[in-house]
Amino acid sequence: MQSAIGQHFDSNPVRRRVALWVAIAVVAADMLVAMAQYGDAVRLSFALIAFTIFVYLTDGNLNSLGLRLQPKQGWIRWVAITAKIAFCVLACIVVGLGAWSLMGNRLTFYNHAPAYVPHLFLHMCVVAPVLEETVYRVIVCLPLVSRIGLWMTVAIDGLLFASLHFVYGNPSPENLVGGFFLAWVYLRSETILLPIMYHSLGNFVALCFQLAASSYIHLNR
């Protein structure tokens with residue numbers, strides 16, 4: 001399966017190597033910042049710098065970057081696929097939580113005060129999807145896919161995305177599956193908009209679960 005993502009590097013391997021080193025640097029920096037919990041502003045700064053470099057390295061080629069308003073296959077087809085995707089994601093969450101519980105681990109529920117809900121929504125459903133899709137899809141996938149192919153790129157990208165969540169302290173298996181899936185969506189649809197939308201929707205569902213658990217805890221005190 002061919003993708004227009006990163007094809008601008010086909011004729012310029014030197015720029016592809018530069019892009020690869022930039023990707024390695026920004027992913028390492030992002031994980032270190034996430035581990036140190038410096039906040040979104042620092043992570044966004046690294047992502048913006050790397051993205052600017054990539055725009056230059058691709059000569060502003062929007063198709064190669066995945067900056068298009070419509071998926072390659074059109075919106076209707078992807079809307080039809082969304083229900084199946086949602087079912088698979090929910091199944092992964094249920095299986096992951098069930099396996100975690102069967103292994104003797106306690107399920108941890110976040111206790112969110114109502115005053116923090118707007119901040120959580122902004123972080124989980126807006127900032128994190130845009131930031132992480134820029135780094136772990138655009139920055140990571142571009143220098144890899146034209147060199148090692150789509151499926152190896154998906155594998156590496158998914159592992160890096162899961163590693164980020166391990167650093168977060170959230171080593172749930174659905175993050176690994178989500179990383180594979182979002183990378184595939186990006187390379188298949190050739191637009192970064194779809195991964196951002198799916199990422200935001202997944203985080204919104206997670207936030208709703210957290211708020212429901214928090215309410216349950218308060219009601220049963």
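Q: How do I read accessibility here: is valine 55 buried, partly exposed or exposed?
A: The idea is a relative accessible area: under 20% is buried, over 50% is exposed and in between is partly exposed (1.4 Å probe, protein chains only). Valine 55 has 29%, so it lands in the partly exposed class.

Q: Before we go on, what am I looking at?
A: This is a predicted model, where local features need pLDDT of at least 70 and side-chain atom pairs count only at pLDDT 80 or more, while totals for chains, interfaces and linings use all residues. Residues are numbered from 1 along each chain as its sequence is written, and side-chain values use heavy atoms, with hydrogens and water left out.

Q: Where does valine 55 sit, and which residues does it touch beyond four places in sequence?
A: Helices and strands are DSSP runs numbered from the N terminus (H or I for helices, at least four residues; E for strands, at least two). Valine 55 belongs to helix 2. For touching, think of contact as heavy atoms within 4.5 Å. Leaving out residues up to four places away in sequence, valine 55 touches Gly60 and Leu65. Leu65 is 10 residues along from valine 55, and their C-alpha atoms are 7.7 Å apart.

Q: How many helices and strands are there?
A: The protein has 8 helices and 0 strands. Read along the sequence, that gives the pattern α-α-α-α-α-α-α-α.

Q: What does the radius of gyration say about the overall shape?
A: With 221 residues, a compact globule would come out near 17 Å; the protein has 18 Å, so the two agree. Along the principal axes, the C-alpha trace spans about 65 × 40 × 35 Å. Of the contacts between residues at least 6 apart in sequence, 78% join residues at least 24 apart.

Q: What about the surface: how much of it belongs to carbon and sulfur atoms?
A: Accessible areas come from the Shrake-Rupley method with a 1.4 Å probe; for residues, only the protein chains shown count as cover. The accessible surface is about 12,300 Å², and 71% of that belongs to carbon and sulfur atoms. As for residues, 39% of the 221 count as buried.

Q: Which residues touch the most other members of the largest nonpolar core?
A: Such a core is a set of buried Ala, Val, Leu, Ile, Met, Phe, Trp, Tyr and Cys residues joined through side-chain atoms within 4.5 Å. Here the largest one has 40 residues, and Leu142, Tyr186, Leu187 and Tyr198 touch the most other members. Elements giving two or more residues to this core include helix 1 (13-36), helix 4 (75-102) and helix 8 (193-219). Helix 5 supplies the largest share, 10 residues. Leucine 142's contacts beyond four places in sequence include Ile5, Phe9, Phe54, Leu65 and Tyr186.

Q: What should I make of phi at aspartate 59?
A: Most residues other than glycine have a negative phi. Aspartate 59 has a positive value, near 55°. It's in the loop between helix 2 and helix 3 (62-65), and at 53% relative accessible area it is exposed.

Q: And is glutamate 190 buried or exposed?
A: Glutamate 190 is at 5% relative accessibility, so it counts as buried. Its phi is near 65°, again a positive value in a residue other than glycine. This one lies in the loop between helix 7 and helix 8.

Q: Where is glycine 179, and what is it in contact with?
A: Glycine 179 is in helix 7 and buried, because its relative accessible area is 0%. Beyond four places in sequence, glycine 179 contacts Arg137, Asp157, Gly158 and Phe161. Asparagine 175 is also in helix 7 (residues 173-189) and counts as buried at 11%; its contacts beyond four places are Phe161, His165 and Asn170.

Q: Last one: is arginine 147 buried or exposed?
A: Arginine 147 has 63% relative accessibility, so it counts as exposed. It lies in helix 5. Glutamine 7 is 140 residues away along the chain, yet its C-alpha is 9.5 Å from that of arginine 147.

Terms used:
The radius of gyration is taken over C-alpha atoms; the globule rule is 2.2 Å times the number of residues to the power 0.38.
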